[in-house]
Amino acid sequence: MAPGVVLPLLLTTVVYANAHVIFVSWAHRLSVCVSLKAAYSQWRILFYLFAGLSEREMAHDYAVHWAWNEDMRTWNGSSGVCDHCGGNWSAFYNWSRKSQDWVHIHTIRDPFERLISGYLDKCVRAKGREHWANCIGFWNRVPTLSQYIKRLRNSSNTYGRGVHGEWLPYMEIINPHFALQSRRDSCGSWNGFDHVIRWGPTGQSLSEQVNHLCNNMPRIKHLSPFCLSAFPAELHNPHSTNKSGTMQHITPNNIKIVLKLYQLDYKRLQLNDFHKYWASYSHVEAARGTTVKLKEELASLLK
């Protein structure tokens with residue numbers, strides 16, 4: 001069963017599944033579920049390289065977007081983006097599991113680092129519509145990190161309507177750049193992934209994990225130079241900076257608040273090492289005050 005596509009030469013497709021994006025390479029029977037602010041841009045570049053797009057074409061976002069037909073028998077190519085796919089991501093996984101030999105990858109980012117990246121990108125750097133549409137609760141001004149974290153905390157016990165009208169916790173229905181990566185209405189809640197990449201302050205770097213997969217997966221091993229191009233050894237977060245005054249607001253109290261806000265992600269996505277990392281720093285900070293080591297490591301993170 002082959003997918004129907006608008007551009008027959010481009011066998012890479014993208015679906016936006018609420019807080020997540022699923023990149024699909026039909027030619028290589030490969031998919032990646034990635035939440036926003038968790039290396040979306042890098043995966044986008046890689047899958048476009050798989051499709052043979054030039055840098056100019058990448059800049060114009062020529063990827064074919066797809067949605068699953070209601071009869072669940074055929075794939076329809078579409079020039080539009082499926083922004084609210086609801087449960088369609090599960091239909092894709094069910095189909096690919098039964099029909100062909102597919103490999104499915106999930107990329108997860110440490111919630112604390114992801115929050116900082118989202119804050120700097122959408123609240124500090126963003127201007128105009130991008131700012132007021134994404135910086136939750138601060139549409140007309142730039143909040144400090146402490147103010148932003150407290151705004152999320154003060155609303156975290158409320159509920160809102162999900163895609164299917166059901167009531168869901170606040171952290172599952174907020175702007176996708178800050179919502180839980182394990183939210184139940186997106187691909188991040190699926191439990192059938194073949195490989196899970198966990199990107200955070202401990203363990204292997206994102207680049208090391210991705211390039212290891214590329215070098216050890218027969219179907220894309222010959223494309224490993226593309227992987228290194230999209231995920232170079234020295235991969236820094238382009239949305240981070242020390243000049244925003246963020247450092248002074250990474251306090252023991254803020255760390256504790258964020259760990260509680262995203263406790264479901266840390267638990268559901270098996271991010272215990274990352275949780276321990278921040279929890280231990282929070283404890284040390286509270287007992288001894290700001291440590292030189294913490295400042296140095298956070299400065300490195302925010303470069």
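User: How many helices and strands does the protein have, and what share of its residues is buried?

Analyst: In this predicted model, the protein contains 13 helices and nine strands. Among contacts between residues at least 6 apart in sequence, 64% join residues at least 24 apart. Of the 303 residues in the protein, the buried share is 51%.

User: Are helix 4 and helix 6 roughly parallel or roughly perpendicular to each other?

Analyst: Helix 4 covers residues 111–125 and helix 6 covers residues 145–155, and their axes lie 11 Å apart. The angle at which they pack is about 110 degrees. Angles of 65 to 115 degrees count as roughly perpendicular. The two helices are therefore roughly perpendicular.

User: What do the buried residues of helix 6 pack against?

Analyst: The buried residues of helix 6 are L145, S146, Y148, I149, L152 and S155. Of these, L145, Y148, I149 and L152 also belong to the contact with helix 4. The buried residues of helix 6 pack against helix 4, helix 5 (128–134), helix 7 (170–173) and helix 10 (252–261).

User: What covers the buried residues of helix 8?

Analyst: In helix 8, L206, S207, Q209, V210, N211, L213 and C214 are buried. The elements covering them include helix 1, strand 6, strand 9 (195–199) and helix 9.

User: How many residues apart in sequence are the parts tied together by the salt bridge of D121 and K37?

Analyst: The side chains of D121 and K37 form a salt bridge at 3.1 Å, N to O. D121 lies in helix 4, whereas K37 is in the loop between strand 3 (30–35) and helix 1 (40–50), so the parts tied together are apart in sequence by 84 residues.

User: Is D101 buried or partly exposed, and what of its salt-bridge partner R219?

Analyst: D101 and R219 form a salt bridge, with their closest N and O atoms 3.1 Å apart. D101 is in the loop between helix 3 (88–99) and strand 6 (103–109) and R219 in the loop between helix 8 (206–216) and helix 9 (224–230), so this pair ties together parts 118 residues apart in sequence. The cut-off for buried is under 20% relative accessible area. With a relative accessible area of 48%, D101 is partly exposed, while R219, at 18%, is buried.

User: How far apart in space are P218 and H28, C-alpha to C-alpha?

Analyst: P218 lies in the loop between helix 8 and helix 9, and at 72% relative accessibility it counts as exposed. P218 and H28 are 190 residues apart in sequence, while their C-alpha to C-alpha distance is 9.9 Å.

User: What is the phi of R29, and what is the phi of Q270?

Analyst: Most residues other than glycine have a negative phi. R29 is in the loop between strand 2 (20–25) and strand 3, and it counts as partly exposed at 27% relative accessibility. Q270 sits in the loop between helix 11 (263–268) and helix 12 (272–288) and counts as exposed at 55%. Both values are positive: phi of R29 is about 50 degrees, and phi of Q270 is near 55 degrees.

Terms used
Residues numbered from 1 in each chain as written. Predicted model: local features only at pLDDT ≥ 70, side-chain atom pairs only at ≥ 80, totals over all residues. Heavy atoms only, no water. Axes fitted to C-alpha atoms, helices over the stretch in contact; angles between N-to-C directions. Helix = DSSP H or I, 4+ residues; strand = E, 2+ residues; numbered from the N terminus. Parallel < 35°, antiparallel > 145°, perpendicular 65-115°, else oblique. Contact = heavy atoms within 4.5 Å. Salt bridge = Lys/Arg side-chain N within 4 Å of Asp/Glu carboxyl O. Buried < 20%, exposed > 50% of the residue type's maximum accessible area, 1.4 Å probe, protein only.
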